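Please examine the structure shown below.

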Amino acid sequence: MEDIRHIAARKLTRFELVRKIVFRRSMQGGRMHFKQMPILAYIVNHNGCRQAEIAEALGVTPSSIATSTKRLSHAGLIDKRADECDTRCNRICVTDEGLREYERATAKRAALVQRQFEGFSDAEITGLLDMIERMTENMADDDIGSLRFHELVKMEKNLEAEDGER
């Protein structure tokens, strides 16, 4: 008989896959790819930023940000403007349409979160949070246990890049 821990781990993985698929489907018909959401979110929260800042913050290559910002610009979601002090770089600004698209995607994500916890009491959700935290602590080595979310995302992307080089 299979260990219940393996079953739980598989169900957690399945849950995460279902969550990603449902969110991705909900984003269809919009003006950006769902993977561009973190880029647009960064621009919304740091309007007038440089592409290099976005790449650093999200832990991706400058060339991938250049490609994505080009697509977001063609979709009318952002504008690129020459930096007044340094004409060699661009400042990235969200457009009104980009802000609407960001708000649409954020609302879809919030609706998904609401839906996934439908029928759960606050006490049940608190218990789940405690269990997730304990599982994370059990797994995490000292070098990653204290990292913040965006730092973990960067680390994962670096590992993916290393895997691609093999």
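Helix 1 (4-27) and helix 6 (122-139) each contribute at least two residues to the lining of the second largest pocket. Helices are DSSP runs (H or I, at least four residues), numbered from the N terminus. The model is a predicted one, in which local features need pLDDT of at least 70 and side-chain atom pairs count only at pLDDT 80 or more, while totals for chains, interfaces and linings use all residues. Residues are numbered from 1 along each chain as its sequence is written, and side-chain values use heavy atoms, with hydrogens and water left out.

**The pocket**

A pocket is an open set of points on a 1 Å grid over the protein atoms alone, where a 1.4 Å probe fits, with protein on both sides within 12 Å along at least five of seven lines; lining residues have an atom within 4 Å of a point. The second largest pocket holds about 150 Å³ of space, a volume being the space filled by probe spheres set on the points. Its lining consists of Ala8, Lys11, Leu12, Leu128, Met131, Arg134 and Met135. Helix 6 provides the largest share of this lining, four residues. Sorted by class, the lining has five nonpolar residues, no polar residues and two charged residues. In this scheme Ala, Val, Leu, Ile, Met, Phe, Trp, Tyr, Cys and Pro count as nonpolar, Asp, Glu, Lys and Arg as charged, and the others, Gly among them, as polar.

**The nonpolar patch**

Leu12, Leu128, Met131, Ile132 and Met135 make a nonpolar surface patch of about 420 Å². Such a patch joins nonpolar side chains (Val, Leu, Ile, Met, Phe, Trp, Tyr) within 5 Å, from residues with over 30% relative accessible area and no salt bridge. Accessible areas come from the Shrake-Rupley method with a 1.4 Å probe. Helix 6 again gives the largest share, four residues of the patch. Leu128 is in helix 6. This residue counts as partly exposed because its relative accessibility is 34%; buried means under 20% relative accessible area, exposed over 50%, and partly exposed in between.

**Salt bridges**

Side chains of opposite charge can pair when their charged atoms come close. A salt bridge is a side-chain nitrogen of Lys or Arg within 4 Å of a carboxyl oxygen of Asp or Glu, and by this rule the count comes to 10 salt bridges. Three of them are listed here.

| Pair | N to O distance |
|---|---|
| Glu97 and Arg31 | 3.0 Å |
| Arg81 and Asp79 | 3.6 Å |
| Arg100 and Glu97 | 2.9 Å |

Arg100 and Glu97 are separated by about one helical turn, because they are three residues apart in helix 5. Arg100 is partly exposed, at 47% relative accessibility. Salt bridges that share partners also join Arg50, Glu53, Asp83 and Arg91 into one network.

In the remaining pair of the table, Arg81 is partly exposed at 43% relative accessibility, and Asp79 is partly exposed with a relative accessible area of 33%.

Key
Patches are made of residues with over 30% relative accessible area and no salt bridge: like charges are joined within 9 Å, nonpolar side chains (Val, Leu, Ile, Met, Phe, Trp, Tyr) within 5 Å. Buried means under 20% relative accessible area, exposed over 50%, partly exposed in between (1.4 Å probe, protein chains only).
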